[in-house]
Amino acid sequence: MLAGKFVDKQSPPQNNSIGFSPHPSFHHLLSNLVWLRPTHIFQGDFHLFNSIHPNQIKQGSLGVCYIHATISSLSQNPQIIKQLFVFADLEVGFYVLRFYISGLPKYIAIDDLIPCNNITNLPIFAKPIGN
């Protein structure tokens, strides 16, 4: 727990949780990193499922447009996105997601710490359009 909030021990808010690349721009990206919760990024105005729409995701520094395209496609039916989250506690930042791998459910617990730019306080990988 970090100030009463859940922290995922499998992927803690540390640079090595993101991965490694020898590319200089990746090192620069990590040197300007801060981990924030959605309530800090959006100044308390955070709603998990306030609105789900295919045009609400913007690519950041990750460069994996195929993931964004998949999420955008799924979000045409908002119920599919909502069904991924089998449990959510926004107060402590604890979520359980259900994915299917080879037809079998796989449950993954995560926190809501998001890697952000320490100057803009905006997410560095994928960004929402709005809140």
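User: Before we look at the sheet, when do two strands count as paired?

Analyst: Happy to start there: two strands pair if DSSP finds at least two bridges between them. Strands (E, at least two residues) and helices (H or I, at least four) are DSSP runs numbered from the N terminus. This is a predicted model, where local features need pLDDT of at least 70, side-chain atom pairs count only at pLDDT 80 or more, and totals for chains, interfaces and linings use all residues. Residues are numbered from 1 along each chain as its sequence is written, and side-chain values use heavy atoms, with hydrogens and water left out.

User: In what order do the 3 strands of the open sheet lie, and which of them stand at the edges?

Analyst: The pairing is antiparallel and the order is β3-β4-β5. Each edge strand has a single partner, so one of its sides is left without a neighbour in the sheet. Those edge strands are β3 (85-89) and β5 (104-111).

User: Which residue in β4 is the bridge partner of Phe-85?

Analyst: β3 and β4 (residues 94-101) pair in the antiparallel sense over 4 bridges. Within β4, the partner of Phe-85 is Leu-97.
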